[in-house]
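Try each task on your own, then walk through the solution.

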Amino acid sequence: MIDSMQAKEEEEFDGPVAWLSESKFQPPTSTSHLIARPLLIDLLENALGRRLIVVTAPAGFGKSTLLAQWCAGRDQLDDVSAWLTLDEADAEPNQFLTCLIHALDNAGFNVGELSIAADDGLMGTSVHLVLRRLALTFQQAESPTLLVIDDYHRAKSPAIDKIVLDLAEHCAGNLTLCLASREKLFPELASMLASGEALEIDAAKLRFTDAELRVAVGVDLAETVFAALQTKVEGWPVAIQLARLLLNDDTDHEASIARLHGHTGHLAAYLTEQVIERLSSEQRNFVLKTSILDTFDAELADAVCGHDRSSHLLKALEPLQALLIPLDHRCASFRYHHLFAECLQDLLHQQRDVEVRQLHLNAARCLGERGDYSAAVRHGMAAKQDGLCADLVCRAGGWELVLFGGIGRLNGLLRHFPQKVLKKYPRLQFAKSYLALKNGEISEARAYFDCAASSPRFDKGDADLMRDYINMRILIEAYEDNGLVNPDNDFIHEALDRVGADDSMTRGIIQCNMALRHTAFGRFEQARQQAETAARSMREARSVLGLNYAYLHLGMVAFYTGRYQVATANFERATDMARDNFGADSGLKYLSEVYLQAVRFWKAGLDDSSMDALTDAVEHMRRFDGWFENFAIGYDALFHHAMQSGRHRDAWETIKKMEADANERGIERLRLLCSAFRLIYFVRTDDLRGSAREYEQVKAVVAQNVELTPSANWLILFFCACACAQHLAASNVRLALTYARRAHEVVAAIGADFFVLRSQLMQALVLDAANRRRDAVEALLPALKIASTSEIAQPFLSRDAERLLRATRGRAHLYDEDVLMSNFISDVLGRNANGERLLSECEMQVMEELAAGKSNKEIARVLDRTENTVKFHVKNIFAKLNVTRRMQAVTAAKALKLIE
């Protein structure tokens, strides 16, 4: 089932942003009667480079025609000219930006990885990040770009206005935005016009001149008739178009002009009396019935009208010209002019209202067979056939569209369903639940899921429905965290037994969930096996998204167990896959980035740019996709970086964010972790009252977990015990050591070497604070053995740890097998608090001996180096520390905390 569904999915959605009509990105096709408007074109051309161009006028003033003519004339230039026509659905910010990116891409502007994210509807991506990346892209562009946004009034909203203003401000110079609207725009336009940053072309400027009027009518008129025509049409382009139709259809020009009565408010009367009523009965039926369609070809028109004469009728209607607009040069597909379509639709409802639903139903069925599900659902809802629409969404793939990169498609489909209709169909509610999960709305996702599961229509005999139920229950329990930490949750095993061998997708999701469960309980080998099995299942299902998640689980297990090269490789692979397949600003890319940057932080620290990348990734995860391990690893790195750097305010902000996420998502483990971090913060900032208060809560967590058997709280217990040890280190060494050893026992029992390293370092620091240096060194050696193998340096980059490292250096030299350890110590001592290496390993060894007052010859003898080599290292030390003498070097090294 899944294979056939996916094969159909790939066939139906081949091409970019398949749920959007390509006609949105093409200007109206020119006709033989297009009137050149050189003065206006020059005005527009001279405005390029301004932040904004706006063309505002009521319907029928030729806004689209003018701008299409302008764009057509710019096709010969190297500059990019992009076109986007909006409709009401584009008022949603992500949808608007998706269309905008595709319009630029369609015009040949290199939007880079944003095109990938746009194919997915930019779901899981914040508007701020997309705008920032667009600004960077335009700043790097080699040539200026014009983007025309037609029918802006149809999607106008405060959110869309803000996006446009941001683009106009931050992309100025390389991007010119041109908006065509029937309505006045945002208040900010007035100041932009006054400052010359914007140009406005209004209705007065759009009116045809007398010379243009003569060309437009195409008929040699007597002066008296022409004067009457001038009075009637007042330069109004659409009225001129209607007059041309009348004049070409009647030799009595004076009588024709007399029939053209009324003013601009009587457009519907013009169209009805002078165009529609002049059609044959068959032609009139055709245009009325097909007016429900945004775009159409002969096949779709036949399906709607219930005959096979559409090709013939379309040819017969060619004289309508600008009112029936071809969308391609082959004249295979068409749309009606907006004004004409509105008039036709009004007449249809007035004259044949009983037929309208059937027409929409015909359209829905035909479009559904074609795989144009978005348009099919829209017509199905207009036909009040919500059952058909629900079936169409399920036929498209339902919630599984997400797993094949179709978040945007699914979101677009479900947008058509009002809440009261959505509640009738459990499978649609499951799909809505999944979208809420991906947007970080866990409580809303649970509400949709529970409503679906308790629905009277929830039929346990429906195989497809039960399959959705299994998948969504597994996913939602993972995000809520409760299902992962419940040792009595047999549902996951029952679900695996129930799933057929051919359902690779569901098996992959179950296996990913089991990998998370095993990780939560510290069963890392089982977690690794399940993640590898999940990866195979996701490959069979051909879900790149699912495979991406499997790599994250594999990397997480490797990270916890100290296999850092394997962890880094998996996280890099996941990050690259996410960027390549879903875009540089996709939620999955940021999720992968959290893991990757965290591993890099613990290995050697992060520079400011990389730390900003981690911060951005965590912020994005907070807003969208994430579960406990993501938050734990990301916040652990951010918090300890801030504390080591002395940025206590940043550390406190990190704690507050953790707390907010824990409460909003209902993740109890994250709340407990937050309490441990608060205690560490109070201890290190000498807040005695705060640390005493928090200690009572944290020690209770440790007391509640007295057994060593693996539990889902092993990570919480580790951090809480470490926090208690830090709190007591200065006042009760014996109890502090008890807590430190408790932390070590918990992680050593399950082979979590990354945390074993940190627990051993904690024991050593407690012992050293009690002036038990020898014992501290003995405790530190096992931690160094793990760290030197994996080159995990960051935990040792503190003043207390560095002091202990210097004392350990001599001891490490005693063991032949610990050459790596000795080199590692030198390397760590040559780094600053940000993990940046100031002096090489050899230079640090020489620096230590310089501080002891040894000569070059003595240093050479101690370090088994030649004297010339020592001189070379001393010269480099002087250069790096910007000194010229030995004592200056020692003083500088102490100031930089490289030595004591």
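**Exercise 1. Find out whether Cys-674 is buried or exposed, and whether it has a disulfide partner.**

Start with the surface: Cys-674 has 1% relative accessibility, so it counts as buried (buried means under 20% relative accessible area, exposed over 50%, partly exposed in between, with a 1.4 Å probe and protein chains only).

Before going on, a word on the model: it is a predicted one, where local features need pLDDT of at least 70 and side-chain atom pairs count only at pLDDT 80 or more, while totals for chains, interfaces and linings use all residues. Residues are numbered from 1 along each chain as its sequence is written, and side-chain values use heavy atoms, leaving out hydrogens and water.

Next, look for a partner. The structure holds zero disulfides (a disulfide being a pair of cysteine sulfur atoms within 2.5 Å). Cys-674 is in no disulfide, and the nearest cysteine sulfur, in Cys-720, is 11 Å away.

Now try Cys-451. Its closest cysteine sulfur belongs to Cys-394, and at 16 Å that is too far for a bond. Cys-451 has 30% relative accessibility, so it counts as partly exposed.

**Exercise 2. Work out how helices α23 and α24 pack.**

First, locate them: α23 covers residues 426-438 and α24 covers residues 442-453 (helices are DSSP runs of H or I with at least four residues, strands are runs of E with at least two, and both are numbered from the N terminus).

Second, take the geometry. Their axes are 8 Å apart and the packing angle is about 165° (axes are lines fitted to C-alpha atoms, for helices over the stretch in contact, and angles run from 0 to 180 degrees between N-to-C directions). That's why α23 is roughly antiparallel to α24 (under 35 degrees is roughly parallel, over 145 roughly antiparallel, 65 to 115 roughly perpendicular, the rest oblique).

Third, see who touches whom. Among the α23 residues that meet α24 are Phe-430 and Leu-437, and on the α24 side you'll find Tyr-448 and Cys-451 among the residues in contact (contact means heavy atoms within 4.5 Å). The residues of this contact divide into eleven nonpolar, two polar and two charged.

**Exercise 3. Zoom out: how many helices and strands does the chain have?**

The chain has 47 helices and eight strands. Of its 900 residues, 57% count as buried. Along its principal axes, the C-alpha trace spans about 115 × 75 × 50 Å.

Note on methods. Nonpolar A, V, L, I, M, F, W, Y, C, P; charged D, E, K, R; others polar.
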